[in-house]
Amino acid sequence: MPESNTDSTLLCQSCGMPLAAAEHFGTNSDNTPSQEYCCFCFEKGRFTDRMDLPDKIAGVVAYHDESEKEEGRTLTRNELSVGLHLLYPRLKRWKNHDNCHTAYYEAVNRALEYVNNNLAGKIPLKKLAEVACVSDFHFHRIFRAVMGEAPGEYIQRLRLEKAAFMLSNRRETLPEITFACGYETQQAFSRAFRSYFGMSPAAYRRTPVEVRFSIDESVNLGIEPEIRVRENFDVCGIRAENPLKNPHAFIDAWNKMKRITQILPPRDYEYILLNQDCSTVTQPEHYNIYACVAPAVNSRKVVRFRIDGGTFAVFTHRGSHKELGKLYCHIYRWWIPYSGYSLRESRYFEKFFHSPSGTAADELLTEVWIPVEKQQGP
């Protein structure tokens, strides 16, 4: 029997659409109605498309509009995508889909539920990683890849959208809205609200504006990694000072490394960028990102680290380092959930083959090493 929702309405076992009336049913090969699949997915005993699961979800999400609102706001395309990644693997057509698992979407969904249930209180970002049951090493990048926003940005947006709904539809006072939306002071709430909506809460109450969902710009790049195994190895490095405010922070760190170690690029040494922070809890201005070389050299002026060996998915990127964010979104959103691999609790790192100061941006070659292990079980 096909699955049904809580109202006992049959669901299409391909797309999840409610089959509330006979005209919604697809048709079997003998032209009899199918109570498993809808008329859009199944016709005369055959599926109307040959999409795989990620393409199917992407197609549904692409048609998402602003017709469904909850407390004044529309689900973003990314939020809808999470829900579909949880729903579809339970449907008949996709249950035995060999190349998909939902672990990371389930993890993000747990974090989303926690945020939705705790908007009025404090939400430590480290707590979200615990709720999601995902390592601090990977939670921030998984969340950003799936949702298109960092965890802190997502929390801020939901609080402000809830405040906008209350301002335009409720009678609560500004102090009451401030408390209900998780801000400690009315001044902090007003600053955040003005920054987001371009007007004060009082002005918004007089003339509310439409809250629109963000456009998802993350795409499947179609890039496949090389699976490699390497032993533990040591690196040594120099911290890049305040890379958010200093655009030359990484080049300065590399140049300092060369002066200290007398290492010239890179025949016998690997040039590696290593992030020592849990970026869900570290403020950007305090990031500890190190420009490193391997093998490590003996010097009191550099910091030494060990990178645990094991299996890595190695992605090769040719082009500007500014485009690496898109590659990470591809890795965590599109490759890992369908790869048959799970993340290991170990550091990821980037390996550079050229200096950006002496190489054209489109010729830069970078490897991104993601620690993985073969997925166990279904």
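User: Where is the place of Pro295?
Analyst: Pro295 has its place in the loop between strand E12 (289-294) and strand E13 (303-307). The model is predicted, and every value here is computed from it.

User: What kind of peptide bond joins Ala294 and Pro295, and what is omega?
Analyst: The bond between Ala294 and Pro295 is a cis peptide bond, with omega at about 0°.

User: Why is Asn31 called exposed?
Analyst: The relative accessible area of Asn31 is 52%. Exposed means over 50%, so Asn31 counts as exposed. This residue lies in the loop between strand E3 (25-27) and strand E4 (33-38). Asn31 is not a glycine, yet its phi is positive, at about 75°.

User: What makes Cys133 exposed?
Analyst: Cys133 has a relative accessible area of 64%. The cut-off is over 50%, and therefore Cys133 is exposed. Its loop is the one between helix H5 (125-132) and helix H6 (139-147). Cys133 also has a positive phi, of about 60°, although it is not a glycine.

User: How do you know that H6 and H12 are roughly perpendicular to each other?
Analyst: Two packed helices are described by the angle between their axes and the distance between the axes. The axes of H6 and helix H12 (residues 324-339) cross at roughly 90° and come within 8 Å. Angles of 65 to 115 degrees count as roughly perpendicular, so H6 and H12 are given that name. On the H6 side the contact is made by Arg141, Ile142, Ala145 and Val146, and on the H12 side by Tyr328, Cys329, Tyr332 and Arg333. By class, six residues in this contact are nonpolar, none is polar and two are charged.

User: Why is H7 called roughly perpendicular to H9?
Analyst: Helix H7 (residues 151-169) and helix H9 (residues 186-197) have axes that come within 10 Å and cross at roughly 90°. That crossing falls in the range of 65 to 115 degrees, which makes H7 roughly perpendicular to H9. The residues of H7 that meet H9 include Gln156, Arg157 and Leu160, and the H9 residues that they meet include Phe189, Ala192 and Phe193. By class, the contact of H7 with H9 has nine nonpolar residues, one polar and two charged.

User: Where is the place of Ser200, and what lies 3.1 Å from a polar atom of its side chain?
Analyst: Ser200 sits in the loop between H9 and helix H10 (201-206). The backbone nitrogen of Ala203 lies 3.1 Å from a polar atom of the Ser200 side chain. A polar contact needs a pair of N or O atoms within 3.5 Å, and the 3.1 Å distance is inside that limit. With neighbours within four places in sequence left aside, Ser200 is in contact with Phe193 and Arg194.

User: Which residues point one way from strand E16 (residues 349-352), and which the other way?
Analyst: Phe349 and Lys351 point one way from E16, Glu350 and Phe352 the other, and all are buried. Buried means under 20% relative accessible area.

User: How many bridges join strand E11 (residues 270-275) to E16, and how many join E16 to strand E17 (residues 365-374)?
Analyst: E11 and E16 run antiparallel and are joined by three bridges, with Tyr271 opposite Phe352. E16 and E17 also run antiparallel, with four bridges between them, and here Glu350 stands opposite Val368. Pairing requires at least two bridges, so E16 pairs with E11 and with E17.

Definitions and conventions
Residues numbered from 1 in each chain as written. Predicted model: local features only at pLDDT ≥ 70, side-chain atom pairs only at ≥ 80, totals over all residues. Heavy atoms only, no water. Buried < 20%, exposed > 50% of the residue type's maximum accessible area, 1.4 Å probe, protein only. Helix = DSSP H or I, 4+ residues; strand = E, 2+ residues; numbered from the N terminus. Axes fitted to C-alpha atoms, helices over the stretch in contact; angles between N-to-C directions. Parallel < 35°, antiparallel > 145°, perpendicular 65-115°, else oblique. Contact = heavy atoms within 4.5 Å. Nonpolar A, V, L, I, M, F, W, Y, C, P; charged D, E, K, R; others polar. Polar contact = N/O pair within 3.5 Å; in protein donor to acceptor, adjacent residues only side chain to side chain.
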